[in-house]
There are 2 protein chains.
Amino acid sequence: MSSSSELEGYIGRVRDFLRSAGVSVGDEVEITVDEHEKVKGVLMSRYELAEPDYIVVKLPNGYNIGIRLKEKIGIRKLAEAKKPAFRPFSRIQSAPSLPRVSIIGTGGTIASRIDYRTGAVRPVLTTEDLLSIIPELANIANLDTSILFSMFSEDMTPSEWSKMAERVDEYVKKGVDGVVIAHGTDTMGYSAAALSFALQKPPIPVVFVGAQRSSDRPSSDSATNLIAAVKVAGHAPFAEVCVAMHHSHSDDVIAIHRGTRVRKNHTSSRDAFRSVNTEPIAFYANGEIQINIRDLNRRGSGEYTFNPRFSDKAFLLKFFPGMSGEIFEDIWLRGYRGIIIEGSGLGHVARRLIPTIEKIIRDGVFVGMTSQCIYGRVNMRVYSTGRDLLKIGVTSLDDMLPETAYVKLSWALAQSTDIDEVRKIMTTPIAGELGERSKPHMV
Amino acid sequence: MSSSSELEGYIGRVRDFLRSAGVSVGDEVEITVDEHEKVKGVLMSRYELAEPDYIVVKLPNGYNIGIRLKEKIGIRKLAEAKKPAFRPFSRIQSAPSLPRVSIIGTGGTIASRIDYRTGAVRPVLTTEDLLSIIPELANIANLDTSILFSMFSEDMTPSEWSKMAERVDEYVKKGVDGVVIAHGTDTMGYSAAALSFALQKPPIPVVFVGAQRSSDRPSSDSATNLIAAVKVAGHAPFAEVCVAMHHSHSDDVIAIHRGTRVRKNHTSSRDAFRSVNTEPIAFYANGEIQINIRDLNRRGSGEYTFNPRFSDKAFLLKFFPGMSGEIFEDIWLRGYRGIIIEGSGLGHVARRLIPTIEKIIRDGVFVGMTSQCIYGRVNMRVYSTGRDLLKIGVTSLDDMLPETAYVKLSWALAQSTDIDEVRKIMTTPIAGELGERSKPHMV
């Protein structure tokens with residue numbers, strides 16, 4: 001008889017079925033479907049709100065599958081729950097031909113759900129855990145892992161960006177061949193942009209990776225994304241701050257996005273991350289890295305600069321039709337030193353806001369213009385509203401993503417207290433964030 | 001010898017070429033390209049920042065084309081500039097078999113640039129002007145036109161939404177068969193959502209139309225979009241508030257988007273407008289309307305309700321990683337009665353903001369959650385941050401666009417001062433804004 005915790009997450013008739021078979025989470029089991037189809041693996045725990053009618057089993061190859069409970073199904077225990085035998089860490093490190101990749105855990109779905117036995121939510125990421133779930137990783141790189149944070153990515157602030165950058169720089173100095181940062185997807189785009197400015201032209205790849213589906217779900221993208229991230233970190237000829245996430249609904253292709261050009265464009269889809277106004281810099285498919293664009297920073301280019309400071313006095317403000325000028329005054333009164341506006345269309349706001357914006361710019365606040373259209377580029381010389389905004393000192397930020405512009409401003413404000421210097425930083429391309437030709441089509 | 005105003009907008013060598021040929025804007029000309037290709041039409045004026053090397057000619061069929069100045073090109077004047085002969089208005093109205101369509105001008109590229117002779121920027125839209133540019137319209141509907149506003153759409157406020165709704169309702173009461181609203185593209189999505197709530201289940205189609213390229217540019221989309229809009233307004237079997245804009249880069253297909261589901265997703269592309277989390281309700285191609293989704297409101301369905309009031313006490317606020325709780329207090333202090341948050345991912349904000357949000361909700365402010373991902377739907381039950389936000393009274397708005405949620409809130413706040421009633425309005429589908437199944441793919 002299983003105790004409550006031994007069937008964690010299973011409810012209703014599936015729970016009854018498992019209990020009557022005397023199996024527990026972590027047991028090795030064999031499931032027979034429609035009398036002839038047999039599946040062997042380790043019974044995994046479930047989560048709140050997952051589809052309740054499924055039994056989830058981790059296969060010997062490390063992937064999870066979900067089997068729907070129906071009439072013609074049987075289950076039997078092959079072995080009691082046990083900790084799997086690990087390939088000892090010392091043996092992994094004795095493969096000197098493989099590159100060394102350091103994985104930094106910061107929290108989020110990818111780091112928290114990877115638990116070798118029960119899949120229970122815990123923000124832990126050890127090398128042993130990883131290799132027990134995704135044994136392929138041992139053939140790609142010599143891994144070490146560390147936990148920097150265990151937090152939801154929506155709680156990250158510019159202060160966490162600094163700490164992440166500092167941790168990566170430590171690994172750079174240790175001479176590892178690549179760094180992977182496991183990160184929650186909600187603000188991964190912002191963090192990737194932040195590290196793009198903090199670690200310019202790094203000597204090694206810095207690859208953010210997340211998961212849109214937790215690893216207990218049959219459709220989880222954790223393993224495939226992580227394999228691609230480790231491959232790029234250890235083997236890519238380019239050394240860019242980038243994001244590795246599914247390119248499409250299939251498991252076949254992982255897109256490698258530039259850190260300053262990537263956006264979470266869907267709440268839940270596995271291919272939620274998209275390069276905006278440019279193409280992904282590379283793809284990972286069939287075990288190979290395929291480079292997609294030119295002018296990438298090469299490994300060991302020798303031009304590395306490290307500057308991890310960020311200001312918390314930048315504000316991202318989306319324009320909307322009923323907006324009044326008061327909000328600009330409030331932001332100014334709260335001591336913010338810069339505002340990125342997500343304007344309409346080519347970079348506009350209502351003309352009634354212009355006097356207030358002019359006032360705060362005169363007072364030394366940086367105001368930069370991006371577009372809430374997301375795709376395309378601002379052009380403030382086409383209509384008189386744009387020209388008038390330029391006249392009062394609003395800075396046009398071309399095709400920079402609003403989110404990236406906000407992150408860059410946070411970084412720029414930490415580099416200088418001189419508004420002209422900040423303006424110069426904002427309009428100078430630093431990490432591929434600015435000025436590429438837009439593709440005419442939305443991807 | 002042409003005077004300065006007679007070659008308006010032409011500069012450099014193109015101006016020299018035209019001047020030496022003795023032609024003026026408005027003249028009927030014949031241009032010979034590569035010795036054998038001949039183009040006849042009326043010479044149009046140009047605009048600041050348009051490609052300087054092109055000569056623009058309006059063809060007899062009403063479309064403009066741009067001809068690049070190159071070596072093997074000749075031009076000769078066929079006739080002096082003259083006002084074209086109009087088909088008299090009385091004759092147009094004497095085609096009783098055609099539906100009556102009223103066009104309301106509010107400003108923007110589509111209304112301001114349509115000038116029959118010079119294309120000069122003026123916010124005028126008369127029936128005569130329209131028919132001289134797009135003669136096909138006379139075969140589609142009996143038109144009348146009126147100017148409600150002459151403004152850039154970024155200057156629109158909830159007060160203009162009310163006035164637009166009232167004007168449309170006047171036309172409904174007059175018994176016209178359809179209404180077209182010519183509108184600037186910057187905030188057309190917001191206005192279309194507004195009229196979707198103000199004019200529910202209207203007896204006739206209400207079709208917003210704009211242009212991404214001004215009509216003096218060879219690539220202008222004014223004429224093709226307007227033809228589709230008039231066709232839908234006069235002939236569609238459905239009576240929905242919708243937006244007619246190019247579906248792709250070609251001139252072949254115009255998409256008809258639901259007013260509550262459409263977003264300007266590119267700053268300049270002709271196919272910038274996209275239906276989000278759903279398909280366009282119809283397409284216009286080859287002179288025909290092709291219906292694309294079910295459950296549309298039929299013409300004359302008899303369920304029309306008209307309520308044009310909007311509150312200016314709604315706020316749209318995008319979450320970003322460095323956000324502090326102060327901004328919520330400031331909005332509350334300014335007397336706003338509702339806030340739509342564009343949260344991260346499935347509908348999150350930093351946990352540190354929760355106490356302030358809880359405080360203003362207790363004080364009677366409505367707080368609704370959407371996602372800055374744009375595509376997909378919020379689901380606040382998956383992670384603890386979302387669950388905690390639900391607990392303090394944040395309202396999850398499912399797959400509603402942030403911009404539509406803001407407009408709907410502005411409308412809801414004008415319907416009731418009771419926060420529970422506002423919450424009920426916000427979570428009840430009214431005009432297709434809420435609760436359709438998301439398509440798994442981004443379009």
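This is a predicted model: local features need pLDDT of at least 70, side-chain atom pairs count only at pLDDT 80 or more; totals for chains, interfaces and linings use all residues.
Residues are numbered from 1 along each chain as its sequence is written, while chains are lettered from A and ligands numbered from 1 in the order in which they are written.

**View 1. The open sheet of chain B has 8 strands.** Helices (H or I, at least four residues) and strands (E, at least two) are DSSP runs, numbered from the N terminus. The strand order is E7-E6-E8-E10-E11-E12-E15-E16, and the pairing is mixed; two strands pair if DSSP finds at least two bridges between them. Strand E7 (142-147) and strand E16 (288-291) of chain B each have a single partner strand, so one side of each is left without a neighbour in the sheet. On average, neighbouring strands are turned by 25° against each other, direction ignored. Axes are lines fitted to C-alpha atoms, for helices over the stretch in contact, and angles run from 0 to 180 degrees between N-to-C directions.

**View 2. Strand E6 (residues 100-105) of chain B pairs with E7(B) and with E8(B).** The pairing of E6(B) with E7(B) is parallel, over 6 bridges, and Gly105(B) has Ile147(B) as its bridge partner in E7(B). Of the 6 residues of E6(B), 5 are buried. A residue is buried if 20 or more other C-beta atoms lie within 10 Å of its own, exposed if 12 or fewer, and partly exposed in between, with C-beta atoms placed from the backbone.

**View 3. Helix H6 (residues 188-198) of chain B packs on the sheet.** Strand E8 (residues 178-182) and strand E10 (residues 206-209) of chain B pair in the parallel sense over 4 bridges. Ile181(B) stands opposite Phe208(B) in E10(B). H6(B) touches E10 and E11 of chain B, and its direction makes about 155° with that of E11(B). Two residues are in contact if their C-beta atoms, placed from the backbone, lie within 7 Å.

**View 4. Strand E12 (residues 253-258) of chain B is largely enclosed by the rest of the structure, because 5 of its 6 residues are buried.** E12(B) pairs with strand E11 (residues 241-246) in the antiparallel sense over 5 bridges. Here Arg258(B) in E12(B) lies opposite Cys242(B). E12(B) and strand E15 (residues 282-285) of chain B run antiparallel, joined by 4 bridges; the partner of Ala255(B) in E15(B) is Phe283(B).

**View 5. In the contact between the chains, 52 residues of chain A meet 52 residues of chain B.** Strand E18 (314-318), helix H8 (326-333) and helix H11 (402-415) of chain A each supply at least two residues of the side of chain A that touches chain B. E18(A) gives the most, with 3 residues. That side of chain A divides into 22 nonpolar, 17 polar and 13 charged residues. Ala, Val, Leu, Ile, Met, Phe, Trp, Tyr, Cys and Pro count as nonpolar, Asp, Glu, Lys and Arg as charged, and the others, Gly among them, as polar.
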